Amino acid sequence: METMLNIRETNPVTEVHRFVCEDEFGAMMSCVYEAWRWGNRGFPVELAVENEDNYRLFCVEHRVEYDEERAKKVIRSIRAKISESAFQLVYDCAMSAYPEKVQVIYDFLRIGFLRGASSVDCLTEEAVMRIVEIARRVGNEAHRFIQFARFSRLPEGILCSLIEPRSNVLTMIAPHFSDRLISENWMIVDKKRRLALLHQADSPWYLRSLSEEEFQRVLSFDRDREDYADLWRTFFDHVAIEQRRNPRCQSNFMPKWYRTNMTEFRS
Amino acid sequence: MSERAYTLEEKLAILSDAAKYDVACTSSGVDRKGKSGQLGNSVSAGICHSFAADGRCITLLKILMTNECVFDCKYCQNRASNDIPRATFTPEEVCTLTMEFYRRNYIEGLFLSSGVRKNPTATMEQMFQALYLLRVKYGFRGYIHVKGVPGADPAVIREIGYLADRMSVNLELPTGDGLRLLAPHKTRKTILTPIRQIQQGIAEDRERIGISRRMDRAYGIREMTGSIFHDDNLRLSRNEDEKILTFGDTGQVRGSTDDYGINYGADTGTSVTSSGGLVPWAEARGLSYVPAGQSTQMIIGATGETDYQIMRVTESLYRQFDLKRVFFSGYIPLNEDAVLPSLDTPVPLLREHRLYQADWLLRFYGFRADELLSEDRPDFNVLVDPKCDWALRHLEYFPVEVNRADYALLLRVPGIGVKSARRIVQARRNGRLDFPDLKRIGVVLKRAAYFLTCNGRQMYPIAIEEDVLTWCLIADEGKKRWEVEHPGEYRQLSLFDDMQLTMMPTVEDCGKSLYGQL
Ligand code: SF4
């Protein structure tokens with residue numbers, strides 16, 4: 001009801017309405033829902049994830065909170081009216097660190113709901129190409145953490161991995177590690193977001209944010225002093241062939257910023 | 001040279017150092033889900049976990065069971081006549097390292113090779129012990145690549161194959177003559193016999209689970225009439241292949257086929273050699289026999305073979321032994337010996353690179369060795385890659401009209417890779433393609449432009465003339481070549497610039513990205 005009122009009160013159609021939400025999937029979907037209604041009524045809309053840097057003047061700003069019902073509706077519609085792979089694109093894009101990602105999702109959905117399942121193949125459409133490109137990059141990054149995440153054993157016996165991804169890859173790598181380490185207790189902590197992927201032996205994984213205290217405990221563990229970390233470094237150093245040294249090839253495949261949390265590059 | 005008591009770390013240092021010259025690093029070719037109560041899974045595309053200082057990917061814990069060796073292969077660091085520290089893992093130690101490294105996401109699995117301790121059979125029994133413990137007692141479901149030791153009892157080769165995803169027996173040197181000279185304890189027969197046995201085992205097991213006896217190959221390549229994987233060529237070249245593989249490089253008969261245990265039946269893949277019969281403990285557990293296939297490798301540049309001979313051997317191996325991969329290992333001088341190249345011989349990196357490019361052309365592009373090289377032109381051009389080189393010698397096929405050419409011909413255009421060719425075939429169903437479309441599809445126009453027309457038009461008004469084109473292409477190729485030869489030095493241009501490498505290599509091995517866009 002409240003929004004309906006707003007719609008009537010702001011009349012100059014030229015004024016841009018900007019919908020801002022938290023950087024969280026459900027909130028982004030709620031934001032799409034809200035912007036969609038305004039867009040349908042002919043208002044120029046913009047969408048953005050909350051961020052101090054991207055505050056804009058000369059627009060009517062609407063802050064959209066997470067609304068379970070609405071988010072679910074959007075998700076259901078994408079799956080049913082476009083396709084499962086379209087939903088995958090939207091999800092992966094939402095996990096990126098790209099500042100305009102909600103806008104990209106919105107623009108894609110405009111085409112998607114118009115054309116249905118075939119829209120994901122319309123690579124000549126700018127909006128489709130953009131989301132595909134972002135999703136591809138996020139997918140690549142997730143894959144790199146499947147390759148390069150390193151675990152160490154906490155004194156409690158839990159395997160723990162610290163990562164600092166640009167994109168929010170935790171939920172994307174969760175299925176892989178849950179299968180690989182199915183009967184192990186482990187967690188993967190995103191240092192930047194303070195989020196943890198938790199897995200108890202033979203149970204489904206779940207995601208939750210860590211309290212300050214928990215976070216500090218994880219950080220305080222000296223992961224480089226493990227026996228197996230030393231053994232791994234020994235192996236790593238001995239397996240390279242001196243006569244074939246090739247640092248360029250090494251950095252091409254494994255850019256330096258990934259190495260911060262990799263056992264073999266910490267001593 | 002007796003062993004003293006080493007710590008686990010010292011053993012690991014010695015036995016990884018001794019194993020590193022083996023080239024295979026892949027964990028690909030098998031999908032296996034995790035299972036409660038066990039550890040690990042396997043992903044068919046393979047996963048690289050790190051990159052060593054030599055730029056090679058690290059996927060598996062690559063170690064020797066022992067570096068003791070009663071053989072004396074001249075080129076090898078572990079040869080009996082070298083006075084070096086010797087160490088041996090216990091089977092339990094191999095398991096602990098594999099399990100704990102795997103848990104920490106350092107590796108995808110284990111690559112286990114070995115020096116020959118006492119004799120080949122005893123050696124492989126030790127390896128079997130380790131793998132049996134790992135798979136059966138500890139429930140390890142990650143990837144295992146194990147070496148077959150030439151001369152080992154077929155029974156142990158048979159059994160160990162059920163614990164491994166991939167097996168490889170090293171061909172060591174491209175020709176029998178080379179082997180006689182540098183690896184006096186090995187013969188073509190002792191090497192090819194287990195390769196044949198493993199091939200048999202794989203074929204039988206594939207048949208048992210209801211898939212084709214032969215390994216899967218690249219899209220469309222079986223149907224290409226000229227390709228080495230086409231059924232007709234498989235049959236027609238049998239005698240020729242047999243000669244190439246079993247005899248010395250002089251081409252003279254040195255024994256009958258029976259001597260080498262290679263006796264072909266009337267049908268593809270059947271032979272007198274058997275896979276070795278039932279293995280009840282493996283069948284009870286539903287294990288597959290070497291599901292990711294068999295590979296081999298040979299040393300390049302220790303003996304005097306030409307590239308042509310090497311490629312002939314390679315294609316014969318694919319055809320007659322259905323290998324998944326053949327690897328090349330540029331000779332690295334480790335020992336001083338009258339019969340070896342001198343110690344200051346540089347590693348033949350460019351040559352190795354060209355051979356891998358050519359290998360890619362056989363496996364994905366439908367080329368045969370005799371199209372790339374010949375007796376008169378036995379070595380690869382150092383200036384341009386083998387595919388460009390072929391195109392320059394066959395200008396009669398070009399320019400190719402993108403909107404009409406069939407898949408096989410598109411694959412032969414320099415700058416069009418397997419992915420682009422498939423995309424072109426798909427995209428042109430919806431309309432005619434032009435140069436900007438090709439660019440979007442991923443064609444490397446810098447190279448392809450000289451060989452293509454779109455709707456009858458060429459991109460640059462350049463006459464198709466061999467020297468003009470060679471000149472254009474060499475300018476482009478030069479910097480790549482420089483970089484392959486000077487891997488230790490930084491230079492502004494990356495080896496991958498022209499390859500448009502935007503993704504991490506995840507498949508087969510890190511080399512793939514290099515060859516994907518030939
Ligand atoms: S058999 Fe030959 S190649 Fe193998 S370890 Fe012994 S000496 Fe080296």
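This is a predicted model: local features need pLDDT of at least 70, side-chain atom pairs count only at pLDDT 80 or more; totals for chains, interfaces and linings use all residues.
Residues are numbered from 1 along each chain as its sequence is written, chains are lettered from A and ligands numbered from 1 in the order in which they are written, and side-chain values use heavy atoms, with hydrogens and water left out. Helices (H or I, at least four residues) and strands (E, at least two) are DSSP runs, numbered from the N terminus.

**The two chains**

- Chain A contains 10 helices and 8 strands, and its C-alpha trace spans about 70 × 45 × 35 Å along the principal axes.
- Of the 267 residues of chain A, 55% count as buried; here buried means under 20% relative accessible area, exposed over 50%, and partly exposed in between (1.4 Å probe, protein chains only).
- Contact means heavy atoms within 4.5 Å. Among contacts in chain A between residues at least 6 apart in sequence, 65% join residues at least 24 apart.
- Chain B has 19 helices and 10 strands, and 62% of its 518 residues are buried.
- For chain B, 69% of the contacts between residues at least 6 apart in sequence join residues at least 24 apart.

- Helix H11 (residues 349-364) of chain B has 16 residues and reaches 22 Å from its first C-alpha to its last, close to the 22 Å expected at 1.5 Å a residue. The expected span of a helix is 1.5 Å times one less than its number of residues.
- H11(B) is largely enclosed by the rest of the structure, because 15 of its 16 residues are buried.
- Helix H2 (residues 91-103) of chain B has 13 residues, which at 1.5 Å a residue should span 18 Å; this agrees with its end C-alpha atoms, 18 Å apart.
- H2(B) is mostly covered, with 11 of its 13 residues buried. Among them are B:Glu93, B:Glu100 and B:Arg103, along with B:Val94, B:Leu97 and B:Phe101.
- Just after H2(B), B:Asn105 takes a positive phi of about 65°.

**A helix pair in chain A**

- Helix H2 (residues 25-40) of chain A packs against helix H4 (residues 84-94) of chain A at an angle of about 115°, with the axes 10 Å apart. Axes are lines fitted to C-alpha atoms, for helices over the stretch in contact, and angles run from 0 to 180 degrees between N-to-C directions.
- From H2(A), the contact draws on A:Phe25, A:Met28 and A:Met29; from H4(A), on A:Phe87, A:Val90, A:Tyr91 and A:Ala94.
- By class, this contact of H2(A) with H4(A) has 7 nonpolar, no polar and no charged residues. Ala, Val, Leu, Ile, Met, Phe, Trp, Tyr, Cys and Pro count as nonpolar, Asp, Glu, Lys and Arg as charged, and the others, Gly among them, as polar.

**Aromatic pairs**

- The structure holds 33 aromatic pairs over all chains. Rings of Phe, Tyr and Trp (its six-membered ring) pair if their centres lie within 6.5 Å; planes under 30 degrees apart count as stacked, over 60 as edge-to-face and the rest as tilted.
- The rings of A:Phe151 and A:Trp186 have centres 6.2 Å apart and planes at 75°, so this pair is edge-to-face.
- That pair links distant parts of the chain, with A:Phe151 in strand E4 (residues 151-153) of chain A and A:Trp186 in strand E6 (residues 186-190) of chain A, 35 residues apart. Both A:Phe151 and A:Trp186 are buried.
- In chain B, ring pairs link B:Phe367, B:Trp390, B:Tyr397, B:Phe398 and B:Phe451 into a cluster.

- B:Phe435 lies in helix H16 (residues 435-441) of chain B and is buried, with a relative accessible area of 6%. Not counting residues up to four places away in sequence, B:Phe435 touches B:Leu445, B:Leu452, B:Cys454, B:Arg457, B:Gln458 and B:Met459.
- B:Asp322 sits in the loop between helix H10 (307-321) and strand E8 (325-330) of chain B and counts as buried at 12% relative accessibility. Leaving aside neighbours within four places in sequence, the contacts of B:Asp322 include B:Arg213, B:Arg214 and B:Arg217.
- A:Val128, in helix H6 (residues 126-148) of chain A, counts as buried at 0% relative accessibility. Beyond residues up to four places away in sequence, A:Val128 touches A:Phe108, A:Ile111, A:Ser119, A:Val120, A:Cys122 and A:Leu123.
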